[in-house]
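This report covers one protein chain, from a single side chain out to the whole fold. Please view the sequence and the model together.

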Amino acid sequence: MSWAGPEDIYLSTSLASYLDKKLLVLLRDGRKLLGILRSFDQFANAVLEGACERVIVGDLYCDIPLGLYVIRGENVVLIGELDLEKEELPPHMTRVSPAEIKGAQKAEREASDLKGTMRKRMEFLDLD
């Protein structure tokens, strides 16, 4: 039997309160996953049932189904319970298809790349 420090006990009891509840999990790479917490361990590795990745670009969003999903605890930034009584998203958000959200992501990435390129070209002006 391995020794558990006080922080391990706190972690496991706090995650235990989320068992069988719908959660939002924010990962280190910025992805947002939703699903029902079915299991976890002392390292905060977690199993989500009915998981999906919520992709948001501007006012558009899409929930991409993932099914049963295992998350490594070291990749978790934040875990929060979703209130099933309340709307998850503001009313101005529009649900789109996975193909549409991928197109919106690509356009957003290209706009960001163009902005970076323009900034580099303008550096010689030294506007400070």
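## Asp63 and its contacts

In this predicted model, the side chain of Asp63 makes a polar contact of 2.7 Å with the side chain of Arg54. Another polar contact, of 3.5 Å, links the side chains of Asp63 and Arg95. A polar contact is a pair of N or O atoms within 3.5 Å; within protein, one must be able to donate a hydrogen and the other to accept it, and residues adjacent in sequence count only if both atoms are side-chain atoms.

Leaving aside residues up to four places away in sequence, Asp63 touches Cys52, Glu53, Arg54 and Arg95; contact means heavy atoms within 4.5 Å. Asp63 lies in strand β4 (residues 60-71) and counts as buried because its relative accessibility is 17%. Buried means under 20% relative accessible area, with a 1.4 Å probe and protein chains only. Ile101, 38 residues from Asp63 in sequence, is 9.6 Å away in space, C-alpha to C-alpha.

## Cysteines

The whole structure contains 0 disulfides, a disulfide being a pair of cysteine sulfur atoms within 2.5 Å. For Cys52, the nearest cysteine sulfur is that of Cys62, 8.9 Å away. That distance is too far for a bond. Cys52 is buried, with a relative accessible area of 13%, and Cys62 is buried at 2%.

## Sheet

The 6 strands form an open sheet in the order β5-β1-β2-β3-β4-β6, with mixed pairing. Strands β5 (76-81) and β6 (94-95) are at the edges with a single partner strand each, so one side of each has no neighbour in the sheet. Two strands pair if DSSP finds at least two bridges between them.

Strand β1 (residues 22-27) pairs with β5 in the antiparallel sense over 5 bridges. Leu27 has Val76 in β5 as its bridge partner.

## Whole chain

The protein chain has 2 helices and 6 strands, running α-β-β-β-β-β-β-α from the N terminus. Helices (H or I, at least four residues) and strands (E, at least two) are DSSP runs, numbered from the N terminus.

Of the 128 residues, 24% are buried. The chain exposes about 9,300 Å², of which carbon and sulfur atoms supply 56%; accessible areas come from the Shrake-Rupley method with a 1.4 Å probe, and for residues only the protein chains shown count as cover. Among contacts between residues at least 6 apart in sequence, 50% join residues at least 24 apart.

## Basis

Residues are numbered from 1 along each chain as its sequence is written, and side-chain values use heavy atoms, with hydrogens and water left out. Local features of this predicted model need pLDDT of at least 70 and side-chain atom pairs count only at pLDDT 80 or more, while totals for chains, interfaces and linings use all residues.

Definitions and conventions. Buried means under 20% relative accessible area, exposed over 50%, partly exposed in between (1.4 Å probe, protein chains only).
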